[in-house]
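Take a walk through the inside of a protein.

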Amino acid sequence: MTAATEYALHNKVIDQVLREPGSLPSQQPLHMNLVHGIQQNRILHDHSPGYEAPKFEGKEKQMEQVMDQIEAKGFIPPDFIESETQWFYSDLGIDDMYFQTESVEAIVNHVLSLYAAKVAAFARDDKRLEIRLDKEAEDHAVYIDTSKPGVSNLDGPRYEQRIDERYLNNSTASESYRVETFRSVSMPGGTDQRQLRCYFVYKCQFANPNPEPDETSLDIVGEKTFLQKATENTKELYQEIVSSVVLRTGPVIEMYEIENSREKRLVIGHRQGSAMGMFSALSDLYHYYGVTSARKYVEQFSNGVTVMSIYLRPLPQSHETARFPPIEASIHQIMKEVSLLFCIPQNKFQAHFAMGRLSLQETIYAHCVWVFIGHFLNRLGSDYTSLSSLLDVNNSVHMEILSKIKRRLRTETFTSDYILEIINQFPDLIRALYLVFANTHYCQTRGEKDDFLPTLSYQRLKIDKVLGDNELSDLITKTVSNDHQEVVMNAFRVFNANVLKTNFYTPTKVALSFRMNAQFLPKAEYPQPLFGMFLVISSEFRGFHLRFRDIARGGIRIVKSRNREAYSINARSLFDENYNLANTQQRKNKDIPEGGSKGVILLDDQHQDKAKVAFEKYIDSILDLLLPPTSPGIKDPIVDLHGEPEILFMGPDENTADLVDWATEHARKRGAPWWKSFFTGKSPKLGGIPHDKYGMTTISVREFVLGIQRKLNLNPASLKKMQTGGPDGDLGSNEIILSNEKYTSIVDGSGVLVDPNGIDHAELIRLAGERQMISSFDSSKLSPKGYRILIDEMNVRLPTGEVVTNGMTFRNTFHLRGGNHCDLFVPCGGRPEAIDLSTVHKLIVDGKSTIPYIVEGANLFITQDAKLRLEKAGCILFKDASANKGGVTSSSLEVLASLSFDDKGFIENMCVQEDGAPPPPFYVNYVREVQDVVRRNAALEFEAIWREHQHTGKPRSTISDELSVAITALDEELQSTDLWNNDGLRRSVLRDALPTLLLDKVGLDTLLERVPNNYLRAIFGSYLASKFIYENGSNPSQFAFFHL
């Protein structure tokens, strides 16, 4: 029976795929030894392990000392001492490095332990030998275990997981560990074919601990023991691997045939820290295919590269191994699945895979759906919708109660652990649901010769049928035993139905990405429909990218968590935070052609130091779904149910400002034609206008602060100011540098800084210039009433006599203390919803806001309902969507420049040729014009909101939203009218809308030729709409447009 008939899986053939290969080159994020999609066998003529341990001259003398000490202990009968010692020294295959490293006492203990295990096995009825021996020192470790070849023992000591967790996962270029492990040829005894497995871990001693970043020569980056022991042939192989790894995002995978042998040598190289748990996970992978390893080596290099070399061989023939395919076939599938394993080395359903109940594809698919369910199953349901419709939205008490119910429902209904517990109970359902997913998205690139089908699970004895959706629903109902289980398992069907494209089956990938149809989101909770949703999953992170229009712009932020509890909170709110940020961006982008989008990456609680790795994997995996494949076997075609080309425009946000250059370069290397405009805020050498360097966001925020001062005739020197987000942040530092108010309190990641008499401004300027937290503030410059409380401090008495029991709690709640310690509050950082309905009452005393003026620089710092409460209590408040829009304006004009110039003109006018060189004159003047545009747009919106509030009395936060909605609606309407076809009007509007410098440099006619028509149309609509609404309000007279 062929695999195709056995599984009845009707996969897509290459000519049926919606997305055809384009003509663009595709940079490989991962490398396999493939030509035209077929693995090319490379033959090694050397049958040796590839290592030659230096001979230990004192070995014979040491063995005599070992025997003497064993005899002195009296545990082993004298007649057996020599044979047991000889067996340990000669028959187990331990090389001389072990004997040279270990003390005589340690070797004696190991020999005695092995003999004791033999005695214990003799006393057992099954004669099974059980050895569990480990020794861990500061610079090395030894583990010896008995195991059956080709079997993952989940009940054993799990030494490989221990090696991963204690040594390999934490290896860095400065402190690394290498591993040697082998399976003894000699059987130690017993009746169940068990062999000794020995693991030796050694701390690395590098020839050069600090090489140049791009150094690849093994003689420079190699470890001393490796350079001493490795044969010339092994060094050549490793040199090739190391050189390839430094050029790629993902792993490098090579396979070598051993001449005249069925043994295969699998070599995998990757960057340190990019594949946590990979060493142990690989064992589960090749065990699943009936393969075992004779030897394994893990080598580290001081340029941050890890290389694993595994010597694979088939299991001995028996009735148990007859179900496995020959190693000649399975080795190629193992190579393919290393890429999948690299994305998530240890998934939540690993035990099912290790035991052979589910394939690797099925368990990783289940892991991804588990993540999906955790974000979208905790929806509030019809009962919540009914309740919310009965309550009065203008009654703050009602809204506060509803907010608490909403928070509790989402927290308590389905926890991630509860969802995991349910899914784990139904491996058969996972298999059936996965078959539907695979049937939709797997692309059969080589017709009947495709070797994918057996990997679904060649171990199954029955024929699997791909079920229809109704059949699946019936199967789930019949299989589960309660409503909760049915809801969770049916969520798999929701996932399957809404994946439009995925890189799950792409041979080369670094994280798993899914382009989702967002139609499953309930309108009651998400009234503004999303145009596009990407879900990205890896072992280090999970993330989303959401956008409200096809052409949209927004930043990518990385969210970190201080502890497990904080991570759980961040995970629960991840999607809602992303949605709200993108929605805010949509309102904020009213002055520019692009709609709103946002990307959020949440680092796993165990990978808080992997921000760069997570960002690179996030970007590369999304590019997998945006770029056409051109390299068979490297980037195969994918099934594209969306059916339309997509372009994403991104920018910097929290914790990503220093990563955008890499993203730009990577998009160029992967052949993206839009690489120049892919990311904004990049460095000037790539034609970028960094927001932080030129204060683009701060300029907009400052315009609203200055507007309040101007309208109310306030003296800035006497305005007591509080700011969250300190001098180390982009927005916070520039706010300090540009401000002219009297700072009395600053809150940042390190703690709280307070001085009622005014914080020393010169010292703040110093910190802002150096991007230092307030923990570096010179406390001698505080007045007697001033103080600084850091998050790690406990039981500190303030000058007022108050005792702060916990610095972290004090920092997190300081902005809610109320009182009269500030007149102006400018949030420039902090977590979303830091002020909501449940906490806003702390800022209202006797019906009056304790803070007279708030300009919300940080996105979503205050919830909308809390803003309305504060405004009702008399606070003059301008929300983020209005104040914090300078960055997006700058980004839009940066993109416009990249579209307007050809490559030569772009390099000459927008790129700094080398570090330290002055930028081109055009660049300098263009940045100034961008800053002027930011000020002008902010001033126009400030005046419009102020005027509308005076006329109508509506809350400014409401007016801000109404202006955004009105501009967006008019923009879309204008783009769809015949006005665009009026050549004279079109050219007149574009002359006013486009930057003067660009028009003078390039010319309008050239701009009209180079800039895409839909982009120009968007500029036309957004310029007319914003100008009209700012001048006439959100509800203008129907004749007002004729006076524009």
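Which helices and strands each supply at least two residues of the lining of the largest cavity? They are strand S7 (140-147), helix H6 (159-168), strand S9 (195-203), helix H10 (278-288) and strand S12 (291-301). Helices (H or I, at least four residues) and strands (E, at least two) are DSSP runs, numbered from the N terminus.

A word on the model. It is predicted, so local features need pLDDT of at least 70 and side-chain atom pairs count only at pLDDT 80 or more, while totals for chains, interfaces and linings use all residues. Residues are numbered from 1 along each chain as its sequence is written, and side-chain values use heavy atoms, with hydrogens and water left out.

Back to the cavities. A cavity is a set of points, on a 1 Å grid over the protein atoms alone, where a 1.4 Å probe fits but cannot get out; lining residues have an atom within 4 Å of a point. Points are joined across faces, edges and corners, and a volume is the space filled by probe spheres set on them. The whole structure holds 7 cavities of 30 Å³ or more.

Now the packed parts. A nonpolar core is a set of buried Ala, Val, Leu, Ile, Met, Phe, Trp, Tyr and Cys residues joined through side-chain atoms within 4.5 Å. Buried means under 20% relative accessible area (1.4 Å probe, protein chains only). The largest core has 108 residues; Ile373, Ile423 and Phe504 are among those with the most contacts inside it. Helix H13 (residues 360-376) supplies the largest share, 11 residues. A second, separate core of 63 residues includes Phe704 and Ile1019.

End at serine 891, in helix H31 (residues 886-900). Serine 891 is buried, with a relative accessible area of 4%.

Conventions
Buried < 20%, exposed > 50% of the residue type's maximum accessible area, 1.4 Å probe, protein only. 1 Å grid on protein atoms, 1.4 Å probe; cavity = no way out; pocket = protein on both sides within 12 Å on 5 of 7 lines; lining within 4 Å.
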